[in-house]
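Welcome! Please have a look at the sequence and the structure below, and then let us walk through them together.

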Amino acid sequence: MKLRNIVDKILERAVVILMGALVLDVLWQVASRYIFQDPSSFTDELAGFLLIWVGLLGAAWAAGMKQHLAIDLLSQKLSPERRKYLDILVNILVMLFALAVMVIGGIWLVYTRFYLGQISAAMQIPLGYVYLVVPLSGFLIMYYSIDEIARLTKNPNAEKI
């Protein structure tokens, strides 16, 4: 099985599991508040943390599946050869953004949260664990960009994923 397919399946399953956990968490939050009249103390914070993970891993998955928001007016007007070069340029820019902002900035964010010893108020877990998803998503976006550049340079006429 190709590495790309393995990464796709793992990421897809992780997002589905996290989304399922988010739904169950919010369902428990509503049930504990309105049915049992005893609001759970951690569900609001957990929902926020799960939303961060679902959002960033979902963004990485969308980037890998080419389902992200894109303005393609320029690329539609270009010849196939020039479109290939534009796609390579766009992927290089996406890769550089993911490296600079998500990977390097994310690693700094995680490091400072652990170094400062910041913990969450309700769940009492180190916030560094919550923000680990930022560099992880950055690495995934970089991987997908590199894979797309390799695909474009090897076989530019191949069907996009």
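Let us begin with Gly106, which sits in helix H4; helices (H or I, at least four residues) and strands (E, at least two) are DSSP runs, numbered from the N terminus. Gly106 counts as buried because its relative accessibility is 1%; buried means under 20% relative accessible area, exposed over 50%, and partly exposed in between (1.4 Å probe, protein chains only). Leaving aside neighbours within four places in sequence, Gly106 is in contact with Val101, Val134 and Pro135, where contact means heavy atoms within 4.5 Å. Ile6 lies 100 residues from Gly106 in sequence and 24 Å from it in space, C-alpha to C-alpha.

Before going further, a word on how to read all this: the model is predicted, local features need pLDDT of at least 70, side-chain atom pairs count only at pLDDT 80 or more, and totals for chains, interfaces and linings use all residues. Residues are numbered from 1 along each chain as its sequence is written, and side-chain values use heavy atoms, with hydrogens and water left out.

Helix H4 also holds Trp108. Trp108 is exposed, because its relative accessible area is 56%. Between the C-alpha atoms of Trp108 and Pro135, which are 27 residues apart along the chain, there are 9.2 Å.

Now turn to the largest nonpolar core, which has 22 residues. A nonpolar core is a set of buried Ala, Val, Leu, Ile, Met, Phe, Trp, Tyr and Cys residues joined through side-chain atoms within 4.5 Å. Leu11, Leu57, Leu140 and Ile141 touch the most other members of this core. Two or more residues come from each of helix H1 (3–35), helix H2 (43–64), helix H4 (80–116) and helix H6 (133–154). If you pick out Ile141, you will find that it touches Ala60, Ala63, Val94, Ala98 and Met102, not counting residues up to four places away in sequence.

Tyr143 counts as partly exposed because its relative accessibility is 22%. Beyond residues up to four places away in sequence, Tyr143 touches Leu3, Arg4 and Val7. Its side chain reaches the backbone nitrogen of Arg4 at 3.2 Å, a polar contact (a pair of N or O atoms within 3.5 Å; within protein, one must be able to donate a hydrogen and the other to accept it, and residues adjacent in sequence count only if both atoms are side-chain atoms). Tyr143 and Gly64 are 79 residues apart along the chain, and their C-alpha atoms are separated by 8.5 Å.

Next comes the largest pocket, with about 730 Å³ of space. On a 1 Å grid over the protein atoms alone, a pocket is an open set of points where a 1.4 Å probe fits, with protein on both sides within 12 Å along at least five of seven lines, and lining residues have an atom within 4 Å of a point. The lining has 26 residues, and Lys66, His68, Leu69, Ala70 and Val90 lie nearest the centre of the pocket. Helix H3 (73–77), H4 and H6 each give two or more residues to this lining, and H4 provides the largest share, nine residues.

Phi of Lys66 is near 60°, a positive value in a residue other than glycine. Most residues other than glycine have a negative phi. Lys66 is partly exposed, because its relative accessible area is 27%. Gln37, in the loop between H1 and H2, also has a positive phi, near 55°. Gln37 is exposed, with a relative accessible area of 60%.

Note on methods:
Grid points are joined across faces, edges and corners, and a volume is the space filled by probe spheres set on the points.
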